Amino acid sequence: DVQRHEPRRALDGGPDGLELVVRVVRAAGVLLRPGGHLLVEVGADHDEALVQPLTVARFDPVEPWADEHGDLRGLVARRTAPTGPR
């Protein structure tokens, strides 16, 4: 049913399912000021797969949130201040 109403790029996240989320993380790393927060909806083991992109974009700490069944539903990350030349 979703496929009839959503554009393909909204449903296809690339080989690992995170192509669009990684692009959002990179953009947020440029756009957000230190102290700003990024919230992304993810699932499965995507929290582990996003550690490297979030670190590169200077987000820390990363806090996962889960639903009532304990399944991962998203991440909250805080943008940190630059520590030197990039």
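In the predicted model described here, E63 stands opposite V76 in strand 3. Helices (H or I, at least four residues) and strands (E, at least two) are DSSP runs, numbered from the N terminus. Residues are numbered from 1 along each chain as its sequence is written, and side-chain values use heavy atoms, with hydrogens and water left out. Because the model is predicted, local features need pLDDT of at least 70 and side-chain atom pairs count only at pLDDT 80 or more, whereas totals for chains, interfaces and linings use all residues.

Two strands are said to pair if DSSP finds at least two bridges between them. Strand 2 and strand 3 are joined by six bridges, and V62 stands opposite A77 in strand 3. On the pairing of strand 1 with strand 3, five bridges are found, and L38 stands opposite A77.

Strand 2 and strand 3 also form a hairpin with five residues between them. In the turn, G70 has a positive phi of about 85 degrees. The loop between strand 2 (59-66) and strand 3 contains D67. A polar atom of the D67 side chain lies 2.9 Å from the backbone nitrogen of H69. The side chain of D67 also meets that of R73 in a salt bridge, at 2.8 Å from N to O. A salt bridge is defined as a side-chain nitrogen of Lys or Arg within 4 Å of a carboxyl oxygen of Asp or Glu. Side chains of opposite charge can pair when their charged atoms come close. A search of the whole structure finds one salt bridge. D67 counts as buried at 18% relative accessibility, while R73 is partly exposed, with a relative accessible area of 38%. Here, buried means under 20% relative accessible area, exposed over 50%, and partly exposed in between (1.4 Å probe, protein chains only).

The largest nonpolar core has 15 residues, of which V21, L38, V42, L50, L54, F59 and L75 touch the most other members. Helix 3 (19-31), strand 1 (37-41) and strand 3 each supply at least two residues of this core, and the largest share, four residues, comes from helix 3. A nonpolar core is a set of buried Ala, Val, Leu, Ile, Met, Phe, Trp, Tyr and Cys residues joined through side-chain atoms within 4.5 Å. Residues up to four places away in sequence being left out, F59 touches V25, A28, G29, L32, L38, L54, A77, R78 and R79; contact means heavy atoms within 4.5 Å.

H46 is found in helix 4 (residues 46-49) and is buried, with a relative accessible area of 18%. Apart from neighbours within four places in sequence, H46 is in contact with D16, G17, L18 and L72. T83, by contrast, is exposed, with a relative accessible area of 84%, and has its place in the segment after strand 3 (72-79). The C-alpha atoms of T83 and R58 are separated by 9.4 Å, the two residues being 25 residues apart along the chain.

How values were computed
A polar contact is a pair of N or O atoms within 3.5 Å; within protein, one must be able to donate a hydrogen and the other to accept it, and residues adjacent in sequence count only if both atoms are side-chain atoms.
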